[in-house]
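Here are my notes on side-chain pairing in this model. Please read them with the structure open.

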Amino acid sequence: MKIEKSSNITKSPVEIEGAKDVDIRWLISKADGAENFAMRMFELQPGGCTPLHTHPHEHEVFVVEGRGVFVFEGKEYPFNKDFAIFVPGGKEHCFRNTGDSVLKFLCIIPAGAK
């Protein structure tokens, strides 16, 4: 069991090639006893982006605040607060903050995935 305010969870920079001005908080993970899924909060500063990448697992995203563009298989899809985004495994994608404020989104992945 875990109950904690997200702002109390350590925020770390994403230090992967292609990432720009992105921080992550591992809100719930295997370290908390979660056996099936992990929940992360990403925070992208204005102009920030996640790297264009592919991985075998799916993930589910919910936009908490801000606006941006989801790049999926070479096409761009604008989104903003309250959008839900499904990312199938094996597909090239990234997120870019196109707004003037922080972009925050929850991202759910299988436990043990990165």
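This is a predicted model: local features need pLDDT of at least 70, side-chain atom pairs count only at pLDDT 80 or more; totals for chains, interfaces and linings use all residues.

1. Terms for accessibility come first. Buried means under 20% relative accessible area, exposed means over 50%, and partly exposed is in between (1.4 Å probe, protein chains only). At 31% relative accessibility, lysine 2 therefore counts as partly exposed.

2. Residues are numbered from 1 along each chain as its sequence is written, and side-chain values use heavy atoms, with hydrogens and water left out.

3. Salt bridges. The whole structure holds 4 salt bridges. The criterion is a side-chain nitrogen of Lys or Arg within 4 Å of a carboxyl oxygen of Asp or Glu. Lysine 2 and aspartate 32 form one of them, at 3.3 Å from N to O. Lysine 2 belongs to the segment before strand 1 (12-13), while aspartate 32 is in the loop between strand 2 (20-28) and strand 3, 30 residues apart. Strands here are DSSP runs (E, at least two residues), and helices are likewise DSSP runs (H or I, at least four), numbered from the N terminus. Aspartate 32 is partly exposed, at 30%.

4. Glutamate 43. This residue lies in strand 3 (residues 37-49). Is glutamate 43 buried or exposed? At 6% relative accessibility, glutamate 43 counts as buried. The side chain of glutamate 43 meets that of arginine 25 in a salt bridge of 3.0 Å, N to O. That pair links strand 2 (arginine 25) to strand 3 (glutamate 43), 18 residues apart. Arginine 25 is also buried, with a relative accessible area of 11%.

5. Arginine 96 and glutamate 76. Their closest N and O atoms are 3.1 Å apart, in a salt bridge. Arginine 96 is in strand 8 and glutamate 76 in strand 6, 20 residues apart. Arginine 96 is partly exposed at 29%. Glutamate 76 is partly exposed at 48%. Elsewhere, salt bridges that share partners join Lys11, Arg25 and Glu43 into one network.

6. More on glutamate 43. A polar contact of 3.3 Å joins the side chains of glutamate 43 and lysine 11. Such a contact is a pair of N or O atoms within 3.5 Å; within protein, one must be able to donate a hydrogen and the other to accept it, and residues adjacent in sequence count only if both atoms are side-chain atoms. Not counting residues up to four places away in sequence, glutamate 43 touches several residues, including Asp21, Val22, Val102 and Leu103. Contact means heavy atoms within 4.5 Å.

7. Aromatic pairs. How many aromatic pairs does a search of the whole structure find? The search finds 5. In one of them, the ring centres of phenylalanine 79 and phenylalanine 95 are 6.1 Å apart and the planes are at 75°, so the pair is edge-to-face. Phenylalanine 79 is in strand 6 (residues 75-80) and phenylalanine 95 in strand 8 (residues 93-97), 16 residues apart. Rings of Phe, Tyr and Trp (its six-membered ring) pair if their centres lie within 6.5 Å; planes under 30 degrees apart count as stacked, over 60 as edge-to-face and the rest as tilted. Phenylalanine 79 is buried at 5%, and phenylalanine 95 is buried at 2%. Phe42, Phe70, Phe72, Phe79, Phe95 and Phe105 form one aromatic cluster.
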